[in-house]
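Please read it alongside the sequence and the structure.

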Amino acid sequence: MESIGKASLKSKEQVINDLNEILNLVNDGKEGYQSAAEATENPELQALFLKLSGERIVYAAELKEHIATHGEDADNENGGLLGGLHRTWLTIKQALSSKEDKAILNAITTGEKAAIEKYNECIADYADHADHLTLLTEQRDGIKAALVEIEKQIIQQGA
């Protein structure tokens, strides 16, 4: 177990904002995977994208529930405008227009890495995120597993 090197410095509002940022990114991922499933003609990739979109739906519900336990409302059903994080999923949308599986898979890799980075930021901030550390770690690990699946598909596609 990591030792806590500092006291909690963030307000409840700032901590909830972190969770809402992750929620927005999870919803961006859900939409990105749904769009990717529609854009590809490869049945194996369609199934994978739909499965991963479903995982993001579960992650969003878990995050909303956790935010609600802190007395806040998380009514976001769609992605958000999170600067660089959101732009990674916009890259996926551009790749979708090409309908090329290689471009879609490579763009998804970028999106998943950005999501993992945001989760890692919150997980590293143990003092402020201790009460939802398990949730964040489990979801981050799920996204890491999804990234491994996407990278396997890139290899199979010869990307």
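## Contact of α1 with α4

In this predicted model, the contact between α1 and α4 is formed on the α1 side by Asp18, Glu21, Ile22, Leu25, Val26, Tyr33, Ala36 and Ala39, which meet Ile104, Ile108, Glu112, Ala114, Ala115, Lys118, Tyr119 and Cys122 of α4. Sorted by class, the residues of this contact comprise 12 nonpolar and four charged ones, with no polar residue among them.

The two helices involved are α1, which spans residues 12–39, and α4, which spans residues 101–124; their axes come within 11 Å and cross at roughly 165°. Since an angle over 145 degrees counts as roughly antiparallel, α1 and α4 are therefore roughly antiparallel to each other. The crossing in which α1 passes α4 is left-handed.

## Contact of α4 with α6

Helix α4 also packs against helix α6, which covers residues 133–157, with the axes of α4 and α6 lying 9 Å apart and an angle of about 160° between them. That angle makes α4 roughly antiparallel to α6, and the crossing of α4 and α6 is left-handed. By class, the residues of the contact of α4 with α6 divide into 14 nonpolar, seven polar and six charged.

Arginine 56 is located in helix α2, which runs over residues 43–69. Is this arginine buried or exposed? With a relative accessible area of 2%, arginine 56 is buried, because the cut-off for a buried residue is a value under 20%.

The side chain of arginine 56 is joined to that of glutamate 112 by a polar contact of 2.4 Å, and Glu112 is also one of the α4 residues in the contact with α1. When neighbours within four places in sequence are left aside, the residues in contact with arginine 56 are Val26, Gly29, Lys30, Tyr33, Glu112, Ile143 and Ala146. Among them, Val26 and Tyr33 are α1 residues that take part in the contact with α4.

## The chain as a whole

The protein chain contains six helices and zero strands, so that, by the way elements are numbered from the N terminus, their order reads α-α-α-α-α-α. Of the 159 residues in the protein chain, 47% are buried. Among the contacts that link residues at least 6 apart in sequence, 78% join residues at least 24 apart.

How values were computed: Residues numbered from 1 in each chain as written. Predicted model: local features only at pLDDT ≥ 70, side-chain atom pairs only at ≥ 80, totals over all residues. Heavy atoms only, no water. Axes fitted to C-alpha atoms, helices over the stretch in contact; angles between N-to-C directions. Helix = DSSP H or I, 4+ residues; strand = E, 2+ residues; numbered from the N terminus. Parallel < 35°, antiparallel > 145°, perpendicular 65-115°, else oblique. Left-handed = near helix turned anticlockwise from the far one by under 90°. Contact = heavy atoms within 4.5 Å. Nonpolar A, V, L, I, M, F, W, Y, C, P; charged D, E, K, R; others polar. Buried < 20%, exposed > 50% of the residue type's maximum accessible area, 1.4 Å probe, protein only. Polar contact = N/O pair within 3.5 Å; in protein donor to acceptor, adjacent residues only side chain to side chain.
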